[in-house]
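I opened the notebook to record what I looked up in this structure.

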Amino acid sequence: MNRPVRRALRSDPYRLVRLGAWSVAETTPALVVGLAIARAIDEGFAAGRPGVGFAWLAVLGGAWLVAAVGARQVVMAVAAIVEPFREDLLAHVVDGALQRSTTSGRGPGTGAVARSNLQVELARDAFASVITVVRSFVFTVVSVMLGLTTLIPEVLVLVLPPFVVGLGLFLLSLPDLARRQRAFIMADEHTAESLTDMVGGLRDITACRAEDRVAAAVGLQVTEQARVTRSLARVTALRTVSLAVGGWLPVLLVLAGTPWLISRGAGAGVILGALAYITQSLAPALGNLVEGLGISGVRLRVSLNRILHSEDLPRRPAGRSPSKGTSRGAGVELRGVTFAYGPHAEPVIDDLHLSVPEGDHIAVVGPSGIGKSTLAALVTGMLRPRSGQILVGGVPAEELHPAGRTLIPQEAYVFRGSLMENLTYLAQAPAAAVDGAVAAVGLTALVTRLGGYSAEIHSGMLSPGERQLIALARAYLAPARLVILDEATCHLDPAAEARAEKAFIRRGGTLLVIAHRLTSALRARRILVMDGTSVQLGGHEEMLAVSPLYADLIGRWNPSNTQELVP
């Protein structure tokens, strides 16, 4: 469970150094507050020198200004650590969902969707909170101890023992708190599922006169959640005890020990300064730690456990290839395929028969919304047909191993990381192969502009066309023999689009292009025309003769401009 956390913290030591440096700035008031108050009173106002007193207070004010700048930079430094952590978890969830789809022949399911949209976000937020709280606690405690030592070392005898005891009580309660917090989350999810099922089946429940039985079943789940909640509340009460012992008992001990401190040379300012250290820095830091780890820390542990060890994400045994999904080629065959978005909707694709031999190059054209992208999703196994069968290399499309095909959608995805990591995500290619792919699809200028393959990139720093070029090079390097470009060059100019498509033609394998411009159709070996009532397949001259839609598109097309296929 701790592996993703360790990987996020160790991935870039500079980020931790930067976070530590700005944390020192942020906790400057914790170091200065008691000392400034003591000196302002004893050496300034009590000594009849108000100028000195105000000068020390000005030092304290300056410390708060430094802390304000540090706090802003701390937020940015934490984000630089947390966002790669989130993407790491998201990659684990997606890989597991795809693996489940491949090995079981079923879709990823709602469990994987829930994890990617809820559990990963919960883990990300909790991780950020834990880093913030633990970092602040450590730097504040060190600053307070240094300040108290500078002020009057004897006061540590009154402050340290109860503080250590309170902190220890809290840390000892954490494992039990984590177990009960997990039980609470599970009970809450089961209650939500029971209520959702009940609301969704109200008509059936009423028709079968099953109101009492269903109400009793849901009531049992609610009762169980209430029991778990009470159990969690009892353990949570220990946090209050920890805070009282570690944060506020030192205040009482300092007040009770004031005569002893005065006998050791402390003045009124020193006593007030020591109390300021405890009440303004030490106690709040312990309170934040208790609250942060008690909630966010436990939530992080539970969320990571759900993500990393869920039975919904089966791992394939090491050293074994999947029993299903190994294709014998890249040919595509559709046998009587019908698909509709909903049980009562009109079919988008109706009784489609199509044979695409391995090595073929087909361009799919037709009006917007006619089903071109739906066809691409069906061939890749992302959608299941209502009836009929789709085979890729003799394997049902939904069972095909992910390495057997590559789909590039219109909006290309680029993740946060180096350019090389983005390019080789689907294949561990040698440097020469990467250079070849970059040159083939026209990515060389972007690589130069970014400063080489080691440059750190993310989606926001690139234009849509640049993201498409990176995705095209990634697919070019992939081992898949079936490549589907679903308007994957729509953000490129016609020359760049032609260069990319010609690169995939030379690459070999089966190429299916959802055409964005008619030039894609002219480059294809065959053209699939979808007009909503029928599907026709053939060469350019044949389609001009048999497809009025295609003839009309060609008649209105001006090859000298960048007009899209469908306005």
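The entries below go through aromatic pairs, a surface patch, a sheet and salt bridges.

**Entry 1, the model.** I note first that this is a predicted model.

I looked up the aromatic pairs, and the count comes to six. I took F85 and F127 to begin with: their ring centres are 4.2 Å apart and their planes stand at 40°. An angle under 30 degrees would count as stacked and one over 60 as edge-to-face, so at 40° this pair is tilted. F85 sits in helix α4 (residues 50-104) and F127 in helix α5 (residues 109-151), and the pair links parts of the chain that are 42 residues apart. I checked the burial of both residues: F85 and F127 are buried.

I then looked at Y476 and F504, an edge-to-face pair with 5.7 Å from centre to centre and 75° between the planes. Y476 belongs to helix α15 (residues 464-477) and F504 to helix α16 (residues 494-507), so this pair ties together parts 28 residues apart in sequence. The accessibility of Y476 is 22%, which counts as partly exposed. For F504 I found 3%, which counts as buried.

A79 is partly exposed, at 34% relative accessible area. I noted a separation of 9.8 Å between the C-alpha atoms of A79 and R124, which are 45 residues apart along the chain.

**Entry 4, nonpolar patch.** Which residues form a nonpolar patch on the surface? I found L31, V134, V138, V142 and L146, with about 370 Å² of accessible area together. Helix α5 gives the most to the patch, with four residues. L146 is placed in α5, and I have it as partly exposed at 48% relative accessible area.

I looked up an open sheet of four strands and wrote down its order as β2-β1-β4-β5, with antiparallel pairing. Its edge strands are β2 (349-356) and β5 (395-396), each of which pairs on one side only. I followed the contact between β4 (residues 387-392) and β5: the two run antiparallel and are joined by two bridges. V392 has V395 in β5 as its bridge partner.

How many salt bridges does the structure hold? I have 14.

E224 and R227 form one of them, with the closest N and O atoms 2.8 Å apart. Both residues lie in helix α8 (residues 211-256), three residues apart, about one turn of the helix. I have E224 as partly exposed at 33% and R227 as partly exposed at 45%.

R449 and E466 form another salt bridge, with 2.9 Å between the closest N and O atoms. This pair links distant parts of the chain, 17 residues apart: R449 is in helix α14 (residues 444-450) and E466 in helix α15. R449 counts as exposed at 51%. E466 is buried at 19%, and I note that the cut-off for buried is under 20%.

For R517 and E497 I found a salt bridge with the closest N and O atoms 3.3 Å apart. R517 is in the loop between β10 (510-514) and α17 (518-523), while E497 is in helix α16, 20 residues apart from R517. R517 is buried at 7%, and E497 counts as buried at 0%. I also recorded that E497, E501, R517 and R523 are linked in a network of salt bridges.

Definitions and conventions. Residues are numbered from 1 along each chain as its sequence is written. This is a predicted model: local features need pLDDT of at least 70, side-chain atom pairs count only at pLDDT 80 or more; totals for chains, interfaces and linings use all residues. Side-chain values use heavy atoms; hydrogens and water are left out. Rings of Phe, Tyr and Trp (its six-membered ring) pair if their centres lie within 6.5 Å; planes under 30 degrees apart count as stacked, over 60 as edge-to-face and the rest as tilted. Buried means under 20% relative accessible area, exposed over 50%, partly exposed in between (1.4 Å probe, protein chains only). Patches are made of residues with over 30% relative accessible area and no salt bridge: like charges are joined within 9 Å, nonpolar side chains (Val, Leu, Ile, Met, Phe, Trp, Tyr) within 5 Å. Accessible areas come from the Shrake-Rupley method with a 1.4 Å probe; for residues, only the protein chains shown count as cover. A salt bridge is a side-chain nitrogen of Lys or Arg within 4 Å of a carboxyl oxygen of Asp or Glu. Two strands pair if DSSP finds at least two bridges between them.
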